[in-house]
Structure formats: structure tokens, C-alpha cells
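Please look over the sequence and the structure before reading the points.

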Amino acid sequence: MGILTEERVKINVFETAGENCCVAACDGQKVYDRITAALCENKAIELSFAETSELTPAFLNSAIGQLYGCFPAEQIESNLLFTDISEEDEIILKRVIERAKTYFEHAYTCRKALKDVLGGEEDA
């Protein structure tokens with residue numbers, strides 16, 4: 001994807017989502033959009049959960065999980081650092097990441113198998 005720049009972008013979940021209770025997928029989308037912009041510029045990201053009081057899988061799926069459908073896992077994991085997250089929320093985050101990786105890996109395999117059977121052009 002490119003060479004990682006030295007610049008680290010700090011994204012505060014509370015400030016980006018506009019709420020300290022991070023439960024809605026639409027608020028997670030705001031975080032996702034900021035992370036995606038930084039990853040596309042090959043920047044390292046510090047995602048701070050300071051001042052958040054609640055995280056749900058729906059929010060985290062939208063903010064973090066869908067990244068695995070757009071970027072290689074290695075790029076995400078080497079460039080995205082999570083800070084200021086409670087142990088309980090970290091457990092939820094890890095579960096969301098593992099499920100997203102599994103889902104997108106299987107989705108790609110299924111699409112490829114379908115194309116192999118039906119024929120057709122490969123997506124870019």
C-alpha cells in the first residue's frame with residue numbers, strides 16, 4: 001500500500017463521535033471515515049477511547065470491523081494503535097476484530113468461488 005509516514009494521527013473517539021456513549025453505528029461510521037482517510041495516506045493512527053463510557057459491538061463493527069473489508073489486516077494492525085480503552089471494552093474490541101477478519105476472509109473466498117464457477121471479470 002505504500003510506505004508508512006512518521007506522522008501519527010490521533011483520533012479521539014469521543015470528539016469524533018460527539019458522544020461519550022458510543023453505541024450507534026452511525027457514530028462509528030464517523031470514526032471509520034477518519035481512520036480510513038489516515039490509512040489511505042499511509043499514516044499511523046492512535047485511536048483514543050478517553051472519555052468514552054460505553055462501547056457496543058454495533059459501534060465498533062462500524063468504526064473498526066469494516067476496515068477489514070477495505071484494507072489488509074497487516075496494514076490495519078501495524079498502523080492502528082488503541083489507547084485509553086478499558087479492559088472490558090478491549091475484550092469487545094478484540095472479538096469484533098476477530099469476527100470481522102473471519103467474515104471478510106470468508107466473503108472474499110465465497111465471491112472468488114462464485115466467479116470461478118460462473119466465470120466473469122475479476123474486480124480491481
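The points below are grouped by topic, and the model they describe is predicted. They start with strand S3, which spans residues 44-48 and is mostly covered.

**Strand S3**

- Five of the five residues in S3 are buried.
- Ala-44, Glu-46 and Ser-48 point one way from the strand, while Ile-45 and Leu-47 point the other way.
- In a regular strand, side chains alternate between the two faces of the sheet.
- Residues on both sides of S3 are buried, Glu-46 and Ser-48 as well as Ile-45 and Leu-47.

**Strands paired with S3**

- S3 pairs with strand S1 (residues 8-12) in the parallel sense, over five bridges.
- Within this pairing, Leu-47 of S3 has Ile-11 opposite.
- S3 is also joined to strand S5 (residues 80-83) by four bridges, and these two strands run parallel.
- Glu-46 has Leu-81 in S5 as its bridge partner.

**Aromatic pairs**

- The model holds two aromatic pairs.
- One of them is formed by Phe-49 and Phe-82, with 6.3 Å centre to centre and 40° between the planes, which makes the pair tilted.
- This pair links distant parts of the chain: Phe-49 lies in the loop between S3 and strand S4 (54-55), Phe-82 lies in strand S5, and the two are 33 residues apart.
- Phe-49 counts as buried because its relative accessibility is 3%, and the cut-off for buried is under 20%.
- Phe-82 has a relative accessible area of 25%, so this residue is partly exposed.
- Tyr-103 and Phe-104 also form an aromatic pair, edge-to-face, with 4.9 Å centre to centre and 80° between the planes.
- Tyr-103 counts as exposed because its relative accessibility is 53%, and exposed means over 50%.
- Phe-104, at 26% relative accessibility, counts as partly exposed.

- Lys-43 is located in the loop between helix H2 (25-40) and S3.
- Is Lys-43 buried or exposed? Its relative accessibility is 16%, so Lys-43 counts as buried.
- The side chain of Lys-43 is joined to that of Glu-41 by a polar contact of 2.8 Å.

Notes
Residues numbered from 1 in each chain as written. Predicted model: local features only at pLDDT ≥ 70, side-chain atom pairs only at ≥ 80, totals over all residues. Heavy atoms only, no water. Buried < 20%, exposed > 50% of the residue type's maximum accessible area, 1.4 Å probe, protein only. Pairing = 2+ DSSP bridges. Phe/Tyr/Trp six-rings, centres within 6.5 Å; stacked < 30°, edge-to-face > 60°. Polar contact = N/O pair within 3.5 Å; in protein donor to acceptor, adjacent residues only side chain to side chain.
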